[in-house]
Amino acid sequence: MKILHVSAECYPMAKAGGLGDVVGALPKYQQRAGHVAQVVVPMYRTPYLYKKEWELVHQGRQQLGTYQFSYSVIREKSRELGFDLYLVDINGLLDRPKVYGYEDDPQRFIAFQLSVMDWVCHWTHRPDVIHVHDHHTGLIPFFMRYAYPFRDKLQGVPSVFTIHNAQYQGWIDWQHRDWLPPYDEWKSGLIEWAGQINPLAAAVKSAWKVTTVSYSYLEELRHSANGMEKLFEYERGKCSGILNGIDAAVWDPSTDPLLVKSYGIDQLAPGKQANKESLCQQFGLDPQKPLFTFIGRLVHEKAADLLPEVIHQCMHHFVDRMSLILLGSGDSTLESNLHQLAQQYTGRFGAYIGYYEELSHRLYAGADFLLMPSRVEPCGLNQLYAMRYGTVPLVRNTGGLRDTVVDMGEWQGFGIRFDQASVEDIVYSVGRALDLYEQNPSKLQGMQRHIMGFDHSWDRSAAQYLELYQSIR
Ligand code: ADP
Ligand code: GLC
């Protein structure tokens, strides 16, 4: 089967979060299963672009309102990723270092989608399914069916839309409708939600199938979807949950080149300790104490706003019993608060504010516990990586965290789960982790070995996606 993934991110070309990891891994597993999976993302100016060689495969022109632009499509020559990676270049819109965060993001991603559509219409290789991810590519299922320049060629090609995060919907004011290509006006309702052009809603309404990245998240969307609850209730028949996997080759403590010392289950204790010591040296912490970590975007969804108070309380209640390293970036006030706290609690709390892929690997390996108090977590990959590295996750009972972590108080449990995204619940859970570490080290080791043995690789979920494609082909 020939699958084309269209996305804003794909690791290692472009990653801002878990979407990049998923689109960098799923196609690899689909290829391995004997299919042809290809990926197209915008040609941002990221380091990966300059490290590789590319060949030009197509050039064209499109129009965004009154703005005429040229685009080109290039392909990575060596095919080292295990699938074909295509990039779309649009000068003036996509030639920037970051994936998101520009004022003209709506125009950038509409121009990207128009270019992809136009390219695919001219392509000799016709995909059997076009799989789009999140709102940045959410207009594509609509364009394929109802936009005059594309529908004759693409109407019959099935589209699948995966929701990685429904908090962000890509809202565009109707006054900008001329950014869209000419389309069947009778179908305007399909791109509208709550008085705006809503690319996420457009995809849910227009795609042949819709998936979420965990089962529990799909259930939650019917009650809490940033204003789109009714739509999820109405469209439930075409929606299903397929849990994310992990790239078991990139995230493997026994081969990970980014670690100070690699380790398998058999060398779990010395391996983790060596990595922990190097982290503690870097951040000025005591390697004999249990080490907690938080890795992630510093945003409300991740409950990052609670962290300063959590840190104060932990540092007071558990005075000399623990250390914490935080790696993250996001809200600027929060960033500077955390920076300040790292100075206030020198020797016990360390923070790296920014994005640092290598440090994230070392933290999954060197920490004893990973904290993920998310208010919303459609799947979450951090807890899966942590477990692969023998690090016990402390998670809030929501979305993909609920589907992948069982509390140690339950039968065969292996993590710590709490119900509320509140300072009290988080601090209480840290206390439970400390008691485990101090009073029951053999149980902790048993849990670590247990979680390291889990197979969260993409094999199973890749097969579920293939079944879904087959069902609509
Ligand atoms: P989300 O996509 O909502 O941010 P996920 O748990 O799905 O959450 O994925 C987050 C991904 O981004 C993981 O690979 C995590 O290691 C990585 N990550 C998040 N913040 C940082 C950071 N500051 N530095 C390095 N990696 C980070
Ligand atoms: C989103 C979600 C996260 C999920 C990731 C990959 O960014 O916030 O929970 O793991 O996408 O699907």
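Good morning. I begin with Asn165, where a polar side-chain atom lies 3.4 Å from an oxygen atom of ligand 2. Please bear in mind throughout that the model is predicted.

Two further polar contacts of ligand 2 deserve mention. In the side chain of Glu377, an N or O atom is 2.5 Å from an oxygen atom of the ligand. At Pro378 the backbone takes part instead: one of its polar atoms is 3.4 Å from an oxygen atom of ligand 2. As for burial, ligand 2 taken alone exposes 310 Å², and the protein buries 93% of that.

Which residues come nearest to ligand 2? Of the 13 around it, they are His164, Asn244, Glu377, Cys379 and Gly380. By class, the shell comprises six nonpolar, five polar and two charged residues. Helix 1 gives the most to this shell, with three residues.

That brings me to the packing of helix 1. Two packed helices are described by the angle between their axes and the distance between the axes. Helix 1, residues 18-32, and helix 17, residues 459-472, have axes that come within 9 Å and cross at roughly 75 degrees. Angles of 65 to 115 degrees count as roughly perpendicular, so helix 1 is roughly perpendicular to helix 17.

Which residues form this contact? From helix 1 there are Leu26, Tyr29 and Gln30, and they meet Asp459, Ala462, Tyr465 and Tyr469 of helix 17. Sorted by class, this contact has five nonpolar residues, one polar and one charged.

How values were computed
Residues are numbered from 1 along each chain as its sequence is written. Chains are lettered from A and ligands numbered from 1 in the order in which they are written. This is a predicted model: local features need pLDDT of at least 70, side-chain atom pairs count only at pLDDT 80 or more; totals for chains, interfaces and linings use all residues. Side-chain values use heavy atoms; hydrogens and water are left out. Axes are lines fitted to C-alpha atoms, for helices over the stretch in contact, and angles run from 0 to 180 degrees between N-to-C directions. Helices (H or I, at least four residues) and strands (E, at least two) are DSSP runs, numbered from the N terminus. Angles under 35 degrees count as roughly parallel, over 145 as roughly antiparallel, 65 to 115 as roughly perpendicular and the rest as oblique. Contact means heavy atoms within 4.5 Å. Ala, Val, Leu, Ile, Met, Phe, Trp, Tyr, Cys and Pro count as nonpolar, Asp, Glu, Lys and Arg as charged, and the others, Gly among them, as polar. A residue is near a molecule or strand if one of its heavy atoms lies within 4 Å of it. A polar contact is a pair of N or O atoms within 3.5 Å; within protein, one must be able to donate a hydrogen and the other to accept it, and residues adjacent in sequence count only if both atoms are side-chain atoms. Accessible areas come from the Shrake-Rupley method with a 1.4 Å probe; for residues, only the protein chains shown count as cover.
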